[in-house]
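This report describes selected features of one protein model. Please consult the sequence and the 3D structure shown here while reading.

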Amino acid sequence: LAMAGVASRRAAEEIILDGRVCVNGEKCTTLGTKVTENDIVSVDGEIVNIETKKYYIMLNKPVGYVTTVSDEEGRPTVMDLVTDISKRLYPVGRLDINTEGLLLMSNDGDFTYKITHPKHKLDKTYEVWVSGNAQPNAIKKLEQGVYIDGKKTYPAKVDVIDHMQKSAVLSITIHEGRNRQVRKMCAAVGFKVMALKRVSEGGLILGNLPLGKWRHLNDNEVKAILGKSEK
């Protein structure tokens, strides 16, 4: 399932245990079941085929799009922005609907696993426009870690990019991927996030990629990010 780009290895295990996988028409919930090229594997009734060509792309996600393959509420998804690729891709990680910026997408489940698993600790940098004064004590708290959802965050790297009278633009670098983490971190020190943009991930930089557009990662970028995740 990972090789076919259905999901990462970890997520594929959950799909199997949830009873969504069939082998030759029979439901299969046993992890590690062996299949051959002659077996027919399906997920949610859709036949799974191994993709020999792997795709790795970077998308500049706009606000208003959800980071899912489909949405029950009918909201626009990031898949709507990559319709010019015929192969089925999957988002690598998530950005919430009100966050824009760098989002990786691929049909390589192993690549997804290596990017998203917490043990690899790949840095993600966000530009955050907040209301309130960027007082040194608030910045220090973010750098040392704050409690969100009952658990302390790992230390973050925080720089003040611009400082206005009643707002500021911060650069915040983290390697965790907890739900709405940057927004919750800012709220914990009294900042209200007015705009949030991911500008880099694992050393890959969004740069001047236009909003709503995507590009292929080059071979060196793919090798570099996989090399970092294997350390």
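## Basis

The model is predicted; local features need pLDDT of at least 70, side-chain atom pairs count only at pLDDT 80 or more, and totals for chains, interfaces and linings use all residues. Residues are numbered from 1 along each chain as its sequence is written, and side-chain values use heavy atoms, with hydrogens and water left out.

## The second largest pocket

The second largest pocket holds about 780 Å³ of space. Among its 25 lining residues, Leu1, Ala2, Thr33, Val35 and Val41 are the closest to the centre. By type, the lining comprises 14 nonpolar, 5 polar and 6 charged residues. Helix 1 (9–17) and strand 1 (21–23) each contribute at least two lining residues; the largest share, 4 residues, comes from helix 1.

A pocket is an open set of points on a 1 Å grid over the protein atoms alone, where a 1.4 Å probe fits, with protein on both sides within 12 Å along at least five of seven lines; lining residues have an atom within 4 Å of a point. The volume is the space filled by probe spheres set on the points, which are joined across faces, edges and corners. Ala, Val, Leu, Ile, Met, Phe, Trp, Tyr, Cys and Pro count as nonpolar, Asp, Glu, Lys and Arg as charged, and the others, Gly among them, as polar. Helices (H or I, at least four residues) and strands (E, at least two) are DSSP runs, numbered from the N terminus.

In helix 2 (residues 109–116), Gly109, Phe111, Thr112 and Ile115 are buried (under 20% relative accessible area, 1.4 Å probe, protein chains only). These residues lie on the same side of helix 2 because they cover an arc of only 155° around the axis, taken from the directions from the helix axis to the C-beta atoms.

Gln181 belongs to helix 4 (residues 181–188) and counts as buried because its relative accessibility is 3%. Beyond neighbours within four places in sequence, Gln181 is in contact (heavy atoms within 4.5 Å) with Ile148, Thr153, Ile174 and Glu176.

Terms used:
Buried < 20%, exposed > 50% of the residue type's maximum accessible area, 1.4 Å probe, protein only.
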